[in-house]
Amino acid sequence: MAEVTGFQSEDSMKKLPPEQVKEEKERLYNDIRAGRLTIGQATVRMRKIVGMTQKDYAEKILKIYPRVLMEIEKDRGNPTVETLKKVGRPFGLQVGFVVPPEKNWAR
């Protein structure tokens, strides 16, 4: 799976410059399309792109409990579809079925 790189530690979260935000979003979308990220890894990247702590991102942006966000970021728990929609919404992402990238459907 893809690694989260180029971001500050949790206690020193700072907003990225607009050009870097654009670049990081594009990397995120490419990694999601290619199937290189778990939901948890994608969620961590989204939060770090906006430069927020788990607590702030959960409460102020997603409107969920910080504990729920923590579990999602660790690929644990069992989030509802509604919660997953909240996680994807700030980045224009939707919840749905996807074909695995390694699957060849042409027969």
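A: Here is a tour that begins with the whole chain and then moves inside.

This is a predicted model, so local features are described only where pLDDT is at least 70, and side-chain atom pairs count only at pLDDT 80 or more, while totals for chains, interfaces and linings use all residues. Residues are numbered from 1 along each chain as its sequence is written, and side-chain values use heavy atoms, with hydrogens and water left out.

The protein has five helices and zero strands, giving the pattern α-α-α-α-α along the sequence. Helices here are DSSP runs of H or I with at least four residues, strands are runs of E with at least two, and both are numbered from the N terminus. Of the 107 residues, 32% are buried. "Buried" means under 20% relative accessible area, "exposed" means over 50%, and "partly exposed" is in between, with a 1.4 Å probe and protein chains only. Contact means heavy atoms within 4.5 Å. Among contacts with a separation of 6 or more, 57% join residues 24 or more positions apart.

Let's start inside with helix α1, residues 18–33. Its 16 residues reach 23 Å from the first C-alpha to the last, close to the 22 Å expected at 1.5 Å a residue; the expected span is 1.5 Å times one less than the number of residues. V21, E24, L28 and D31 are buried in α1. Seen down the axis, the buried residues of α1 fall within an arc of 95 degrees, so they line one face of the helix. That arc is taken from the directions from the helix axis to the C-beta atoms. P18, K22 and R33 are exposed on the other side of α1, whereas α2 is part of what covers its buried residues. After α1 comes G35, with a positive phi near 75 degrees.

L28 leads us into the core. Leaving aside neighbours within four places in sequence, L28 is in contact with L37, A42, R45, M46, I49 and F91. The largest nonpolar core has 16 residues, and L28, M46, Y57, L62, L69 and F91 have the most contacts inside it. Such a core is a set of buried Ala, Val, Leu, Ile, Met, Phe, Trp, Tyr and Cys residues joined through side-chain atoms within 4.5 Å. At least two residues of this core come from each of α1, α2, α3 and α4. In soluble globular proteins, nonpolar side chains tend to be buried together.

Next, look at T43 in helix α2, residues 39–50. T43 counts as buried because its relative accessibility is 1%. Not counting residues up to four places away in sequence, T43 touches L69, I72, E73 and V87. One of these, V87, is buried in helix α5 (residues 81–88), along with T83, L84 and G88. The buried residues of α5 fall within an arc of 135 degrees seen down its axis, so they line one face of the helix. They pack against α2, α3 and α4.

R47 and E73 form one of them, at 2.6 Å from N to O. This pair links distant parts of the chain, with R47 in helix α2 and E73 in helix α4 (residues 66–73), 26 residues apart. R47 is buried, at 2% relative accessible area, and E73 is also buried, at 11%. Also in helix α4, E71 and R67 are four residues apart, about one helical turn, and their side chains meet at 3.4 Å, N to O, in a salt bridge. Here E71 is buried at 18%, but R67 is exposed at 55%.

For a pair in another setting, turn to helix α3, residues 54–62, which holds both K55 and E59. Their salt bridge has its closest N and O atoms 2.9 Å apart. K55 is partly exposed at 47%, and E59 is partly exposed at 35%. Finally, D31, R36 and R45 are linked in a network of salt bridges. That brings us back to the buried face of α1, since D31 is one of its buried residues.

Methods
Salt bridge = Lys/Arg side-chain N within 4 Å of Asp/Glu carboxyl O.
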